[in-house]
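Here is a short briefing on one structure. Please read it with the sequence and the model side by side.

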Amino acid sequence: MPRLPQIERPIVQSPMAGGATTPELVAAVADAGALGFVAAGYLTAGQLRDQIAAVRERTRTPFGANLFVPWPRQDTSVENYAKHIAPDADRLGVELGTPRWDDDDWAAKLALLLADPLPVVSLTFGCPADAIAALQHVGSAVAVTVTTVEEARSAAGAGADALLLQGAEAGAHRGSWSPDAEPVPLAALLADVRATTDLPLVAAGGLADADAVRTVLRDGAAYAQVGTALLRAPESGAQQAHKDALARPAETAITRTFTGRRARGIVNAFLREHEDAAIDAYPQVHHLTRPLRAAAARAGDPDRMALWAGTGHSSALDAPAAVIVRSLTP
Ligand SMILES: Cc1cc2nc3c(=O)[nH]c(=O)nc-3n(C[C@H](O)[C@H](O)[C@H](O)COP(=O)(O)O)c2cc1C
């Protein structure tokens, strides 16, 4: 079975789709001795190929890529929700996007990673055993994101080489395989999964300093994965208004308002005003709100952007990624 690449530090960089993960960020964390991941979510296969090439130009250190597993097609109507959020789009001077289901170009991106393999691929939102076997066949280790002990058991049964445990504290989308999986705090998830498998475990969710990393390593994780802690780095492509919001003390909450899938972000006006109307319809709501979120980012309006953040966001440093990786290492 392929294994995760040997790395100097027990730190894994979260793949962060939507612009935060740049080739510069992946290369910087890799060169600092952590495991970097290209975020393939939302990219076309061609964009993924270009991003991988851009990382390879910057570093010779191994790195991985993360794919979104397609989610079941559902035809939930987003009409009422669109009416609810329309005044926000008006205020920003944009039209809402066209809601549609898609599979995130899964087959083409998988084909690319099979034709030009990376040492490690991680999967989020599901666990297709045939894709795991195909990736392993070309030499990639496969890590599967799990959010419950049941998902962990299934991923081990499907042949995963490592499990990425995403605790309730984690920033952005829940990687759950079903929309109703209840978020489990990381400490409980780690203890329960540790008791059921010997696979290497990567612990994620709210880890923002060396003490937090030390604790998960002591409790049985082989690695700590961090996303939010890297968002303020100059190499991160997060919007400036997002970076600034992370630095301020603020509550976070899990919400479906921005994309129709549960995700943790800083509580802002959009989240507060639409939480009661939010619906379970991903990726339709993601496409619906996309122009609105982009316009808010252009306008520097943190009240209408998705300010994805884990619970440890106020410890995120405004420092080069390499410095952050070193500061997280126990
Ligand atoms: C801005 C942002 C984008 C994310 N995008 C992805 C993604 O594309 N794929 C994925 O598997 N996880 C994604 N995650 C979740 C991370 O994998 C991980 O669970 C999370 O970063 C851990 O919590 P932390 O942010 O508190 O460190 C994202 C997290 C953030 C903050």
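How many bridges join E10 to strand E11, and in which sense do the two run? Strand E10 and strand E11 (residues 263–266) are joined by 4 bridges and run antiparallel. The model is predicted, so local features need pLDDT of at least 70 and side-chain atom pairs count only at pLDDT 80 or more, while totals for chains, interfaces and linings use all residues. Residues are numbered from 1 along each chain as its sequence is written, and side-chain values use heavy atoms, with hydrogens and water left out.

**The antiparallel sheet**

- An open sheet of 3 strands has the order E7-E11-E10, with antiparallel pairing.
- Its edge strands are E7 (172–173) and E10 (252–255), and each pairs on one side only.
- Ala253 has Gly265 in E11 as its bridge partner.
- Strands pair here if DSSP finds at least two bridges between them.
- Helices (H or I, at least four residues) and strands (E, at least two) are DSSP runs, numbered from the N terminus.

- E8 pairs with strand E6 (residues 162–166) in the parallel sense over 4 bridges.
- Gln166 has Ala204 in E8 as its bridge partner.
- E8 also pairs with E9, in the parallel sense over 3 bridges.
- In that pairing, Val202 has Tyr223 in E9 as its bridge partner.
- From E8 the chain crosses through helix H8 (residues 210–218) to E9, in a right-handed β-α-β crossover.
- Right-handed means that, with the strands pointing away from the viewer, the path from the first strand over the helix to the second runs clockwise.

**Around the ligand**

- There are 20 residues around the ligand (a heavy atom within 4 Å).
- Pro15, Asn66, Thr124, Gly206 and Thr228 come nearest.
- By class, this shell has 9 nonpolar, 11 polar and no charged residues, with Gly counted as polar.
- A polar side-chain atom of Asn66 is 2.8 Å from a ligand nitrogen atom.
- A polar side-chain atom of Gln166 is 3.1 Å from a ligand oxygen atom.
- A polar backbone atom of Ala17 lies 3.0 Å from an oxygen atom of the ligand.
- On its own the ligand has 590 Å² of accessible area (Shrake-Rupley method, 1.4 Å probe), and the protein covers 94% of that area.
- Strand E3 (63–68) and strand E9 (223–226) are the elements that give two or more residues to the shell.

Terms used. Polar contact = N/O pair within 3.5 Å; in protein donor to acceptor, adjacent residues only side chain to side chain.
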